[in-house]
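I opened the notebook to go through a few local features one by one. Entries follow in the order I looked them up.

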Amino acid sequence: MVSIAVGVTILLFILLLAGMPVAFTMLITGAVGLYATGGIYPLIGVIKAAPYEHVTSYTLSTLPMFVLMAEFLTAGRFTRDLFTASHKWLGHMRGGIAYAAVAGGVMLSAVSGSSTAAAGTLAAAAHPEMRRYGYDDSFSTGALAVIGTLAIMIPPSIGLVLFGVFTETSVGALLMAGLLPGGLTAIGYAITIAVIVRRDPKAAPTVAEPVPMREKIAGLKPVWPILLLMALMLTAIYSGAITPTEVGAVGALAALVIAVAMGRMGWREFLQALASATRNSAMILAIIACSAVFGIFLTLTGVTQDLLMTIQAADIPPFMVLMCVLLLLLVLGFFLDQLAILVLTLPLTFPLLSGLGFEPVWLGILFVKAAEIGLITPPMGINVFVVASTTKVPVGKVFRGVWPFVLVELLILAILVAFPAISLWLPGQMR
Amino acid sequence: MRSTLERGLSFFDRLCMALAQLAIFVMMLSISADALGRYLFNRPLQGSFEFTTLYLMVILTFLGLPATYASGGHIRLDVLRPWIARIPGNPVERLNSLIAACVFGFLAWHSGLEAIAKFADGDTSFGVIQFPLYWSYVWVPVGCGLLTLRLAVEIVFPRVDHEDIH
């Protein structure tokens, strides 16, 4: 059994390296593994039913709903306004546009669950302003790539929904658990920016002129419906009375109504948003459907149980195991997309770690945080590529600006590991 | 030859994608109607749960699959792509398509047999509204079958990503 599992894992990496899509790789290796383990009949039994059964899930429909809401808000150009409003309030400080990007990023994250989309939108809105005030390109683009990652932690987060579906952990509790770590991350970014602009006068040489209070308040006008929507959604999830799926669907409907009512969405924008949301959702759902086959194969081999017993027999401290898994996630983050990391590692590592007695919700936060760091580390930091292509700044330059933030990210991950209460306090209040 | 095949497949891809788009939109309306109805008027929308899980989610996933693949929407590892694309004759891309076509073809065939069996049984779901279950099983073989056809075409005419070849 172990030799089959090892062989299939090697096949998995070969296929991934050969450029096979992640979803297809999971299906192929799962099918090969099932055939090697039990022959043709178990394979037929699993392949005709498992991909279908895994997507006929009400909890999983949270995912397309959150994606749809983010697309409607982007099509209605609200994401840009969130930055503009923050800019009016914070722009006059030293490095103010970068702080505004953090504040805009937090609000953006609260309506969008996709980091790459957030990074792209922020870069398009904030970078021209940063360039106008002579910000160093490396600093400004690095900061924008990093700030985009907030979206994967602050609810609604697609990463957390995916973790919840995969591990059968309460999605509502996971979404709430992401709130404080997300806030902590935002504070970490702001402190990093403060240190950088103080130490390097060239990073942010000039400040924007202060904006009169009347204009500041006027700047909030186009964004207040979004802020209200955000607050209502958080309250609804927190109350526990409404399921995250319903929050997502009503949120998407509200975003559509707000955009149309404010005259920001015509027929063309609507169709574009719908097409984009369908494509992104279908991509993620295909991964989930295909990885079902791989998951069943892994369960059948009993590798997880064997590994768990070996670890317990060898008296390896559980904390050590957790550290090894987090390290693995960080290393995978160098090469793989966040969703791919979760899909590839969860079938083995989650039963292992929860078997060792770690709290599932806390693990969700740690997993998503570790995968988030991979979005900004070379050679495959996807957010960095998005920001580089939006701003036309060379990729190498963006990566240089990202490094100080990567250190802070690691520090925050360490804090989250050391103090589980940061993640678990809020969901604990829900019950 | 290639362009005729390409046009034919793209037509069906777009048709399936349009249904997937309709599914995500109807999903939003149906879940919202259920939630708002329940909390505001104490009148939930009967059958919304079954309709979403049994039909809309399956349609969105499997009918969205071929077009998403065709437009390069699936995440993959790009580390070796620049080198792989330089090998004359694209053997790696062809092999990828062949392997994927075999497995998706297998999936489409057996889920197709399953769908036919479900039609023969004529089962319905439980609950106030009894949905015909067999219509829920049709979308897996349709989506995967269409994807298999495209993958089969790509064995002969591998996809060339011009931006990767320098």
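In which loop is Pro156(A) found? I find Pro156(A) in the loop between H8 and helix H9 (158–167) of chain A. Helices here are DSSP runs (H or I, at least four residues), numbered from the N terminus.

Ground rules first. I am reading a predicted model, where local features need pLDDT of at least 70, side-chain atom pairs count only at pLDDT 80 or more, and totals for chains, interfaces and linings use all residues. Residues are numbered from 1 along each chain as its sequence is written, chains are lettered from A in the order in which they are written, and side-chain values use heavy atoms, without hydrogens and water.

Entry: I checked the peptide bond from Pro155(A) to Pro156(A). It is cis, with omega near -5 degrees. Next I looked up phi. Arg77(A) is not a glycine, yet has a positive phi of about 60 degrees. I place Arg77(A) in the loop between helix H4 (62–75) and helix H5 (78–90) of chain A. Its relative accessibility is 44%, so Arg77(A) counts as partly exposed (buried is under 20% relative accessible area, exposed over 50%, partly exposed in between, with a 1.4 Å probe and protein chains only). Asp315(A), also not a glycine, has a positive phi of about 60 degrees. Asp315(A) sits in the loop between helix H16 (303–313) and helix H17 (318–333) of chain A. I note it as exposed, at 66% relative accessible area. Why log these? Most residues other than glycine have a negative phi, and most peptide bonds are trans.

**Entry: H7 and H8.** I took helix H7 (residues 115–132) and helix H8 (residues 137–147) of chain A. Their axes come within 9 Å and cross at roughly 155 degrees (axes are lines fitted to C-alpha atoms over the stretch in contact; angles run from 0 to 180 degrees between N-to-C directions). H7(A) and H8(A) are therefore roughly antiparallel (over 145 degrees; under 35 is roughly parallel, 65 to 115 roughly perpendicular, the rest oblique). The crossing is right-handed (the near helix is turned clockwise from the far one by less than a right angle). H7(A) contributes residues including Leu122(A), His127(A) and Arg131(A), and H8(A) residues including Asp137(A) and Leu144(A) (contact means heavy atoms within 4.5 Å). I sort the contact residues into seven nonpolar, three polar and two charged (Ala, Val, Leu, Ile, Met, Phe, Trp, Tyr, Cys and Pro are nonpolar; Asp, Glu, Lys and Arg charged; the others, Gly among them, polar).

**Entry: H19 and H22.** Helix H19 (residues 360–373) and helix H22 (residues 421–430) of chain A pack at about 130 degrees, axes 9 Å apart. H19(A) and H22(A) are therefore oblique. This crossing is right-handed. I list Val361(A), Trp362(A) and Ile365(A) against Ser423(A), Leu424(A) and Pro427(A). Five are nonpolar, one is polar and none is charged.

**Entry: Thr61(B).** I located Thr61(B) in helix H2 (residues 48–63) of chain B. Buried or exposed? Thr61(B) is buried, at 1% relative accessible area. Its side chain reaches the backbone oxygen of Met57(B) at 2.7 Å. Leaving out residues up to four places away in sequence, Thr61(B) touches Val55(A), Leu285(A), Ala286(A) and Ala289(A).

**Entry: Pro222(A).** I found Pro222(A) in the loop between helix H12 (213–220) and helix H13 (224–239) of chain A. Pro222(A) is partly exposed, at 22%. Asp81(A) is 141 residues from Pro222(A) in sequence, but 6.9 Å away, C-alpha to C-alpha.

How values were computed. Helix = DSSP H or I, 4+ residues; strand = E, 2+ residues; numbered from the N terminus. Polar contact = N/O pair within 3.5 Å; in protein donor to acceptor, adjacent residues only side chain to side chain.
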